[in-house]
Amino acid sequence: MITPEQLPSQTFEPLRYGLGAWTEHIFFAYDLVAQLRPETLVELGTDRGESYFAFCQSAKENKMAVRCHAIDHWRGDGHAGSYDDSTYEDVVTHNSGNYAAFSTLIRSSFDEAIDRFEAESIDLLHIDGHHTEKDARHDVESWLPKLRRGGILLLHDVMVHERDFGVWKVWLELEKAGRSFAFSSSPGLGVWENPPARPQSPLLELLFAPPNEYKTRIEGYYIARDQTLRAKMARQWQDGSIRSAPMSKETVIQVFWANDGSYAEERSVSVRVGHESWKETSTRLPVGEVIRSLRIDFFSALTTIEVAEIAVEAGATIYRATTADQFTAISLGGDCVRVALDPFRLRITGIDPQLYLPPLPPIRSGEKITVRMRLRVLAEKA
């Protein structure tokens with residue numbers, strides 16, 4: 001049986017982390033590639049490359065002959081939020097500077113890219129696309145013929161039951177069809193062997209085995225590595241070095257809506273923007289209830305944010321702020337301070353800054369609600 005002390009990730013120092021919902025699995029990703037030693041690796045849904053570049057870093061540091069392929073249109077979706085070309089440009093820069101010898105970025109839909117790969121030609125396939133049951137099922141059914149017998153499928157978000165996520169339903173069916181294991185903490189990662197069963201690496205054989213002491217130790221090891229990485233990120237926020245961390249090149253704008261003043265993640269949508277230049281965002285809220293209030297959060301690495309306009313539209317414009325008097329009516333909460341009103345400027349001081357718009361007239365259920373902003377994010381030096 002393999003023990004944590006024998007895992008290649010013991011010496012792994014990730015170059016990309018803290019970029020999304022994959023952070024807790026990047027140490028497993030490193031070990032999986034190091035032991036599986038795939039010849040062809042394909043990822044569907046790369047976004048900022050947290051998972052993909054963990055695979056690539058393992059391939060490079062463990063000196064293996066592999067071709068890696070990342071497939072994404074790099075525009076975002078209803079679950080990940082939309083974003084501008086800053087994301088793609090950052091991924092291209094990181095890829096060309098570190099993995100160009102064996103890694104290819106394919107900017108297209110999954111369906112458009114599928115004919116690039118022969119049947120049963122992929123050794124490791126990671127699917128992390130749009131997360132509705134319909135789309136997840138389509139991706140799995142379309143791409144499984146490309147996975148070799150005994151090849152490994154990774155399926156992300158198998159433990160998310162909120163909103164309209166339906167990957168978990170597809171995963172329940174896969175579990176019945178081949179050897180599998182799932183990391184159970186939300187959002188969850190499913191690991192599945194394309195049957196028939198074949199001898200696998202020591203790590204996979206252990207994960208596919210019934211519960212035992214060694215398996216518990218391995219799972220505990222990955223939890224501990226994730227906790228250590230998150231502690232590092234917390235220190236980076238405290239000492240200011242987060243400004244040069246991997247997540248520092250973009251800002252996530254998250255819009256929450258509420259009827260009773262209670263805000264929750266499942267009633268929010270996000271958009272992501274690059275820094276320095278002026279950006280115009282337009283965020284459609286998929287609201288199925290009457291709403292009376294909006295909150296806007298910024299996940300931004302100790303930056304200064306200058307806002308020229310905030311507008312809320314529901315058929316007509318029902319709220320708009322462009323002047324100092326109008327911006328004065330916006331309340332601040334969490335980790336931010338107002339440094340100017342003309343122009344409206346905020347300094348982000350921590351991980352959870354919040355803007356509360358003034359009370360809105362009740363917006364009826366079924367209205368098409370859009371939040372528009374014009375802003376720029378100015379990075380500060382560490």
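The questions and answers below go through the cores, a pocket, the salt bridges and some backbone features of this structure.

Reader: What kind of model is this, and how are its residues numbered?
Author: This is a predicted model, in which local features need pLDDT of at least 70 and side-chain atom pairs count only at pLDDT 80 or more, while totals for chains, interfaces and linings use all residues. Side-chain values use heavy atoms, with hydrogens and water left out, and residues are numbered along each chain as its sequence is written, from 1.

Reader: Which residues touch the most other members of the largest nonpolar core?
Author: A nonpolar core is a set of buried Ala, Val, Leu, Ile, Met, Phe, Trp, Tyr and Cys residues joined through side-chain atoms within 4.5 Å. Buried here means under 20% relative accessible area, exposed means over 50%, and partly exposed lies in between, with a 1.4 Å probe and protein chains only. Among the 54 residues of the largest such core, those that touch the most other members are Phe 28, Leu 154 and Tyr 222.

Reader: Which element gives the largest share of this core?
Author: Helices (H or I, at least four residues) and strands (E, at least two) are DSSP runs, numbered from the N terminus. Elements that each supply at least two residues of the core include α2 (50-61), β7 (147-156) and α8 (213-239). The largest share, eight residues, comes from α1.

Reader: Why can α1 be called largely enclosed by the rest of the structure?
Author: The buried residues of α1 include Ile 26, Phe 28, Asp 31 and Gln 35. The helix is largely enclosed because the number of its eleven residues that are buried is eleven.

Reader: Which residues does Tyr 222 touch?
Author: Contact means heavy atoms within 4.5 Å, and residues up to four places away in sequence are not counted for Tyr 222. On that basis Tyr 222 touches Leu 7, Ser 9, Phe 27, Phe 28, Asp 31, Phe 183 and Leu 203.

Reader: What is the volume of the second largest pocket?
Author: On a 1 Å grid over the protein atoms alone, a pocket is an open set of points where a 1.4 Å probe fits, with protein on both sides within 12 Å along at least five of seven lines, and lining residues have an atom within 4 Å of a point. Grid points are joined across faces, edges and corners, and a volume is the space filled by probe spheres set on the points. For the second largest pocket this volume is about 230 Å³.

Reader: Which helix supplies the largest share of the lining of the second largest pocket?
Author: The lining of this pocket includes Phe 28, Phe 183, Glu 219, Tyr 222 and Asp 226. The largest share of the lining, five residues, comes from α8.

Reader: Which residue meets Glu 5 in a salt bridge?
Author: A salt bridge is a side-chain nitrogen of Lys or Arg within 4 Å of a carboxyl oxygen of Asp or Glu, and the structure holds 25 of them. Glu 5, in the segment before α1, is joined at 3.2 Å, N to O, to a partner that lies 212 residues apart from it in helix α8.

Reader: Are Asp 90 and Arg 16 buried or exposed?
Author: The side chains of Asp 90 and Arg 16 meet in a salt bridge at 3.0 Å, N to O. The pair links helix α3 (residues 86-98) with the segment before α1, 74 residues apart. Asp 90 and Arg 16 are both buried.

Reader: Where is Pro 196 found?
Author: The peptide bond from Pro 195 to Pro 196 is cis, with omega near 5 degrees. Pro 196 is found in the loop between β9 and α7.

Reader: Is Lys 63 buried or exposed?
Author: Lys 63 lies in the loop between α2 and β2, and its phi is near 50 degrees, a positive value in a residue other than glycine. At 70% relative accessibility, Lys 63 counts as exposed.
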